[in-house]
Amino acid sequence: MLTGTTLNKPLDVKITDMKERYTSGVLKYRQMGYWEPDYEPKDTDILAVFRITPQDGVDPIEAAAAVAGESSTATWTVVWTDRLTDSEYYRAKAYRVDPVPGAPGQYFAYIAYDLDLFEEGSIANLTASIIGNVFGFKPLKALRLEDMRISPHYLKTFQGPATGIIVERERMNVYGRPLLGATMKPKLGLSGRNYGRVVYEALKGGLDFTKDDENINSQPFMHWRDRFLYCVDSVNKATAETGEIKGTYLNVTAATMEDMYERAEFARDLGSVIIMIDLVVGYTAIQSMAKWARRNDMILHLHRAGHSTYTRQKNHGVSFRVIAKWMRMAGVDHIHAGTVVGKLEGDPNVIRGIYDTCRETYVPANPQHGIFFDQPWASLKKLMPVASGGIHAGQMHQLLTYLGEDVVLQFGGGTIGHPMGIQAGATANRVALETMVKARNEGRDIWNEGPEILASAARWCQPLRAALDTWKDVTFDYASTDSVDLVSTPTAI
Amino acid sequence: MRITQGQFSFLPELTDAEIQAQIQYALDQGWALAVEYTDDPHPKNYYWSMWGTPMFDLKDAAGVLMEILACRVARPHDYIKVQAFDSNKGFESIRMAFIVQRPDYEPGFELVRSEGPGRIIHYSIRGYANALPSCERYGASR
């Protein structure tokens with residue numbers, strides 16, 4: 001930990017004489033009081049840890065103090081109007097700076113924010129401070145929000161997931177295994193009638209859910225009402241033919257809140273159990289839809305469209321574990337959270353930290369998983385993680401081991417691309433899943449025996465055999481760009 | 001048709017030994033087992049009849065299996081399922097559910113569509129077996 005004392009020149013220490021402190025002009029942020037190495041965070045504080053990369057020649061402690069200042073009360077120069085308030089109280093306080101192991105020039109800066117800096121129940125207000133102006137601040141080359149500790153006092157001002165994992169399972173009547181889903185493909189271009197066919201086949205074959213893709217809204221080739229009508233028919237038909245409750249995530253993402261409410265209400269009136277929105281609609285729209293979902297007994301799925309523009313690079317942006325935290329507070333029920341083994345970014349340790357953030361009632365600090373702070377979740381419901389993108393039946397033992405039971409496994413291509421058809425694709429996934437859960441419960445070592453367990457089920461299940469043959473060699477084994485920097489040994493799949 | 005509710009309905013019917021292994025898993029997690037049966041397996045029939053209350057104090061998988069066997073004798077034509085209840089904070093719900101007996105012939109469900117204004121359709125699902133009184137379904141005789 002850097003203490004600042006050895007680097008301190010006399011000019012750099014906090015100025016305590018009020019007359020001197022408020023003389024017009026420019027002071028260093030640490031002189032203004034944004035660096036408090038002795039500060040003991042209060043239980044009510046909101047804590048944040050940023051990865052800062054100061055410009056050459058900028059002292060890391062001054063940079064940390066600047067981040068605290070720019071994300072709370074400060075401006076670039078001294079203002080006398082500070083003296084009209086209890087400015088000491090409102091100032092965010094940088095209280096610790098550590099060099100990032102193995103990353104010269106980068107530092108973890110810990111900053112504490114008083115509860116009173118934020119409006120209750122507003123992600124928009126929280127983020128306007130924490131990731132507001134500060135991300136464009138010139139003395140920093142790059143800035144990344146790595147993790148946050150939200151105090152229970154603040155958490156309790158949020159609704160949290162509209163439905164939550166437990167109630168979703170009770171409503172869907174699915175226990176003891178991950179849920180299964182698939183995203184309809186091709187993503188764009190199908191007519192409503194053709195689209196509903198894919199939904200029906202996948203649900204009839206054994207999936208619990210099908211899903212609109214993020215960019216299916218109301219385009220010329222398929223307007224939203226047409227899609228909703230055909231899809232709901234498919235859901236009911238599949239329900240009658242299997243005796244199971246089924247759902248399809250009807251994407252209500254649209255240009256305005258009025259449009260989204262209209263679509264959500266239509267989905268509700270048709271009897272859909274679930275709707276979806278995209279992350280790109282924005283935090284306020286997400287919170288509005290979460291409240292609507294709670295009022296209307298609707299499960300709310302969130303597709304994280306757009307997140308990789310700011311979550312993937314380690315030195316700049318916002319880590320996805322923070323986005324997941326905000327989304328649990330905002331009140332969605334499902335969130336895409338990574339697969340580890342699929343086609344999209346996902347270091348196993350990072351993914352574990354994100355899954356814990358979604359599903360646990362208390363998440364202890366765990367540097368290996370990228371979790372910097374103990375996070376009690378008060379009584380906010382659990383957020384169901386969704387694993388989607390380049391996964392197939394042959395990975396079932398890995399998926400169950402990495403991701404556990406409370407997850408929706410979504411096989412889009414891995415269902416629809418099956419050589420024997422969509423129903424067979426769905427059946428292959430369901431048989432692989434049930435076989436693996438059964439084997440795990442029987443005490444078998446599925447990590448090592450997984451392929452053998454699948455092969456043995458494939459002897460009586462032809463669709464599974466065909467799936468294993470088709471995708472046996474498909475892996476996406478690339479180095480992660482977002483891994484945890486606190487452990488010395490990198491993880492490999 | 002085959003009703004595929006429960007976590008193992010896509011697999012071949014579980015043998016008694018396999019059922020017992022699953023019960024053992026639930027007991028190892030600290031969950032309480034319960035046996036339920038019905039002649040109305042409508043997907044939204046959430047409350048099947050209870051074969052007694054959940055067996056909170058029975059920690060022996062063979063003992064739970066005996067309850068299943070007894071239920072089978074008493075309700076030979078019904079659907080029977082086993083459920084595991086978890087009372088731990090954060091769950092307090094069902095953690096496992098799987099069917100351990102089903103009728104030889106499953107007639108399934110009728111999907112009834114009634115047209116509303118525009119293209120809206122209202123759906124209801126009705127079990128074909130429900131046309132008969134409860135005591136006469138699935139080959140049961142009075």
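Select helix α13 (residues 320-330) of chain A: α13 lies across β4 (140-149) and β10 of chain A and runs at about 45° to β4(A). Helices here are DSSP runs of H or I with at least four residues, strands are runs of E with at least two, and both are numbered from the N terminus. Axes are lines fitted to C-alpha atoms, for helices over the stretch in contact, and angles run from 0 to 180 degrees between N-to-C directions. This is a predicted model, in which local features need pLDDT of at least 70 and side-chain atom pairs count only at pLDDT 80 or more, while totals for chains, interfaces and linings use all residues. Residues are numbered from 1 along each chain as its sequence is written, and chains are lettered from A and ligands numbered from 1 in the order in which they are written.

**The sheet in chain A**

Next, select β2, β3, β1, β4 and β10 of chain A, which in that order form an open sheet of 5 strands with mixed pairing. Its edge strands, each pairing on one side only, are β2 (93-99) and β10 (317-318) of chain A. Two strands pair if DSSP finds at least two bridges between them. Inside the sheet, β1 (residues 46-54) and β3 (residues 107-113) of chain A run antiparallel and are joined by 7 bridges. Pick A:Arg51 and look across to β3(A), where A:Phe108 stands opposite.

**Two helices in chain A**

Now show α5 (residues 123-130) and α11 (residues 283-295) of chain A, whose axes come within 8 Å and cross at roughly 155°. That crossing makes α5(A) roughly antiparallel to α11(A); angles over 145 degrees count as such, under 35 as roughly parallel, 65 to 115 as roughly perpendicular and the rest as oblique. From α5(A), select A:Ile123, A:Ala124 and A:Thr127, and from α11(A), A:Tyr283, A:Thr284 and A:Gln287; these residues make the contact. Residues are in contact if their C-beta atoms, placed from the backbone, lie within 7 Å. By class, this contact of α5(A) with α11(A) has 3 nonpolar, 3 polar and no charged residues. Ala, Val, Leu, Ile, Met, Phe, Trp, Tyr, Cys and Pro count as nonpolar, Asp, Glu, Lys and Arg as charged, and the others, Gly among them, as polar.

**Two loops in chain A**

Go to the loop between β5 (179-181) and α8 (192-205) of chain A, where A:Pro186 is found. A cis peptide bond joins A:Lys185 and A:Pro186, with omega about -5°. Then move to A:Val340, in the loop between β11 (334-336) and α14 (348-359) of chain A. Phi of A:Val340 is near 65°, a positive value in a residue other than glycine.

**Across to chain B**

Display both chains: 31 residues of chain A are in contact with 31 residues of chain B. On the chain A side, the elements giving two or more residues are α7 (164-172), α9 (224-242) and α17 (422-441). That side has 8 nonpolar, 12 polar and 11 charged residues. The model scores ipTM 0.97 and pTM 0.94.

Chain B has 2 helices and 6 strands, arranged from the N terminus as α-β-β-α-β-β-β-β. Finish on β5 (residues 109-115) and β6 (residues 121-127) of chain B, which pair in the antiparallel sense over 7 bridges. B:Glu110 stands opposite B:Arg126 in β6(B). In this hairpin, with 5 residues between the strands, B:Gly118 takes a positive phi near 65°.

Technical notes. Contact = placed C-beta atoms within 7 Å.
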